[in-house]
Amino acid sequence: MELIEAIILAVLAASTPLLIAATGELVTERSGVLNLGVEGMMIVGAACGFAGAWFTGSVFIGALFGIVAGMLMSLVFALMALGLAVNQVATGLALTILGIGLSGLIGAGFVGERITPAVHLYIPGLTDIPLIGRVLFGEDGFVYFSIALIVGVWWFLYRTRAGLILRACGDNHVSAHALGYPVLRIRTFAVMFGGACAGLAGAYLPLAYTPFFIPGMTAGRGWIALALVVFASWRPGRLVVGAYLFGAVTILQLHAQGWGVGIPSQFMSALPYLATVIVLVLLSRARTGGSTAPAALGTVFVPDR
Amino acid sequence: MLDPTSNGLHSGEPPLLQTLGLTKRYGDFLANDAIDIDVWPRQIHALLGENGAGKSTLVKAIYGLIQPSAGEIRWQGERIVLSGPSEARRRGIGMVFQHFSLFDNLTVAENVALGLDGTESFKDMSARLEQVSKTYGLPLDPRREVWQLSVGERQRIEIVRALMQDPKFLILDEPTAVLTPQEADQLFIVLERLKAEDRAILYISHKLEEVKRLCDTATILRGGRKVETCNPRLETAASLARMMVGGEIKEVKAPAGRKTTVPRLVVNDLSLPPGEAHGVRLEHISFELKGGEILGIAGVAGNGQDELFAALSGERLSKDPGTVVIEGIAAGHLSITQRRKLGAAFVPEERLGHGTAPRMKLSENALLTGHAASGMVHHGFIDTAATLKTVDRATETFDVRKAKRDPEAASLSGGNLQKFIVGREILRNPAVLVVSQPTWGVDAGAAAVIRQALLDLATAGAAVLVTSQDLDELAEIADRIAVMFHGRLSAPLATSDATREKLGLLMGGSSLEPREAAHAVGA
């Protein structure tokens, strides 16, 4: 029993940064922009988030630092890929390289420092329920926020006019422009939202996952978040399932090593990507028409005026 | 009856919409040069001109999509400056786009909602959508996604969307270009009704007969300038065309003494599954094309013409070699290059990106299709002189106008590039030429040159297959016309027998034989 509870708690903790970062990227991609710089924005968010919490002693302010840092990184991307219409793939990769270097610079002084990590909810009685108590009522704020975030994004995309306009920009930017929607402005907001989420997801790592900062601590989670968006075929509901599934694989990999299961850990690390490839194949086979990806994804748009 | 076009009969009332000296400059290029037009209520006003004459620029300015560089727009006598399309819509200006401004992966209702200003709830909007589409006889299912719909249905969405704003002034940019004749007739009924409701319509079209039938006034643009405003009913199609082109258009003449010879291209029961998500399945296509003959394939775009072209050119291979026979040799399994070596040549619909590599020079583009069969490569090395000679010959023979000897493909105008591409293939003396939309988006002068070249090639003994949406073009050059619908090809009709009505029925999927039609209804 205790072991199962521990595993579920670990899975939730491992999944949360994936869910937050992928939620942001989902909104970005739904607007038609492919930002491959998630890993870079996350790692800068991690460094700045830790720095913020270290200086102020507040996890909340640390998280805000992470959000702002991710947003600033995404603005660099927006300036290049939207403002100057540079190739989005190249810009996104450059952003990741920039982020890794920048986070090393920012975080250099903080290696080895510790902070007090995010507190977990405690409701007497409820949290003490065996097995589900701590899972449902004993998480840190990030976990609850990540769920509220994806529900909010679902509601925004499918129940609001602004969400419809954002999806329209991702489907056909020429039409959206012809109808008078400011495509580039909408995409800039979507990119900034993606950056804020990536920054927050990065900050989660030193603020809640481990209470210290080490360079490169995102360890490829940004790439998994990118794969996750494809895995979820750009739909919020599937994104939640995918995030917990991918989180579970990460935890499983650790336990498998502990139990001495003879599967190489490298194979387990590759599982999320393998799953994404399989989902892509299944999607393309099952498709009867229409496209699952936003049709304008990754294409450059320059309005004529 | 008062004719709204004759001047002085508007009893002091200002025009609904007026442009005064409207000018739009892109760098050194004047897309619109001081254009004045007046449009009154209860008027269908045609805007005529060749590609590049400035029609689209003008309507974009009126719809607020671009800002004019100089001049002004007056709305009900008052000067207005539009901040964007939503302001234009608020004032009562609606637009139906040529390349539909629809979102394939969204539903009909969502598409309509995006064209409105979002002041009513989605539910109210859906109800009103149903009501408007019923009132005007434009049936639509609001829940379906656009990619599932036919071209005609897509246009209905655009029109209903525009009508839901209750516009006083509606712009239609080449609305009939993709419609069957019957669908076009239905559209005209709607337009007449809108006119009777005191609305004004600005109607862009290339189809002069249609303009004569429908429009009260025509403004003709050429090279960004207004050349004339006239009553199209008092003009002939030829006189309108002269005003558009600014000179006589060379008449295309079928050379006498054309003889049909042996079958050079035979297609036997060709079926192919769709190659991509929105593709069409080809079903049991058979025809025989002899030397000296031109077969026209008509049909609304997206009914399998692209797939047929790909199957003939070898871009998609068939499992059964016997489905495509070129010069008596089963070629269904052969690659593009192998088919070219058999004497076939291909001109795809899309000039830039499919017919040519846009950023490569003309000589390099000539090499790309001619390397296997035209002696431009020796022992694996390119004979640059030979490639340049091909460019020169195509340039001279087909009057290709370009800034230098060997420019990039993308720098040529549409008409000149098309002349080059057709010329490049014809100069190889093909036994079989498969050409798709040879004069799409090409000015009238270049179109005449290309059509003449196709006729001359057939006279010289080649078999020519022309796919076109322009029925007048097919009537002019083809000996027989077949129609594609949903991936099937009808039996060819002799051109003399192929009336617009018959072709229109086939294009809409009806059968010409009453017995079969009864079957189809019963099924």
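Predicted model: local features only at pLDDT ≥ 70, side-chain atom pairs only at ≥ 80, totals over all residues.

Visitor: Which residues of the largest nonpolar core touch the most other members?

Guide: This core has 227 residues, and those that touch the most other members are A:Ala21, A:Ala22, A:Leu228, B:Tyr203, B:Leu454, B:Val464 and B:Val466. Helix H9 of chain A (residues 183–209) gives the most to the core, with 16 residues; helices (H or I, at least four residues) and strands (E, at least two) are DSSP runs numbered from the N terminus.

Visitor: What makes strand E20 of chain B mostly covered?

Guide: Five of the five residues of E20(B), 463–467, are buried, so each meets the count of 20 or more C-beta atoms given above. B:Ala463, B:Leu465 and B:Thr467 point one way, B:Val464 and B:Val466 the other. In a regular strand the side chains alternate between the two faces of the sheet.

Visitor: How do you know which strands pair with E20(B)?

Guide: Two strands pair if DSSP finds at least two bridges between them. Strand E13(B), residues 294–298, has four bridges to E20(B), in the parallel sense, and strand E19(B), residues 432–436, has five, also parallel, so both pass that cut-off. B:Val464 stands opposite B:Ile294 and opposite B:Leu433, and B:Val464 touches both of these as well as B:Leu454, B:Leu457 and B:Ala458, leaving aside residues up to four places away in sequence.

Visitor: Why are E2 and E5 of chain B said to stand at the edges?

Guide: In chain B, four strands form an open, antiparallel sheet in the order E2-E1-E4-E5. E2 (29–39) and E5 (78–80) each have a single partner strand, so one side of each is left without a neighbour in the sheet. The twist averages 30° from one strand to the next. Within this sheet, E1(B), residues 17–26, and E4(B), residues 70–75, pair over five bridges, with B:Glu72 as the bridge partner of B:Leu20.

Visitor: Which helix lies across E1, E2 and E4 of chain B?

Guide: Helix H1(B), residues 55–62, lies across them and runs at about 115° to E1(B), where axes are lines fitted to C-alpha atoms, for helices over the stretch in contact, and angles run from 0 to 180 degrees between N-to-C directions.

Visitor: How many residues of chain B are in contact with chain A, and which helix of chain B gives the most?

Guide: Counting two residues as in contact if their C-beta atoms, placed from the backbone, lie within 7 Å, 23 residues of chain B are in contact with 18 residues of chain A. Helices H2 (85–91) and H3 (108–115) of chain B each supply at least two residues to that side, and H3(B) gives the most, with four.

Note on methods:
Residues numbered from 1 in each chain as written. Chains lettered and ligands numbered in written order. Core = buried A, V, L, I, M, F, W, Y, C linked by C-beta atoms within 7 Å. Buried ≥ 20, exposed ≤ 12 C-beta atoms within 10 Å, placed from the backbone.
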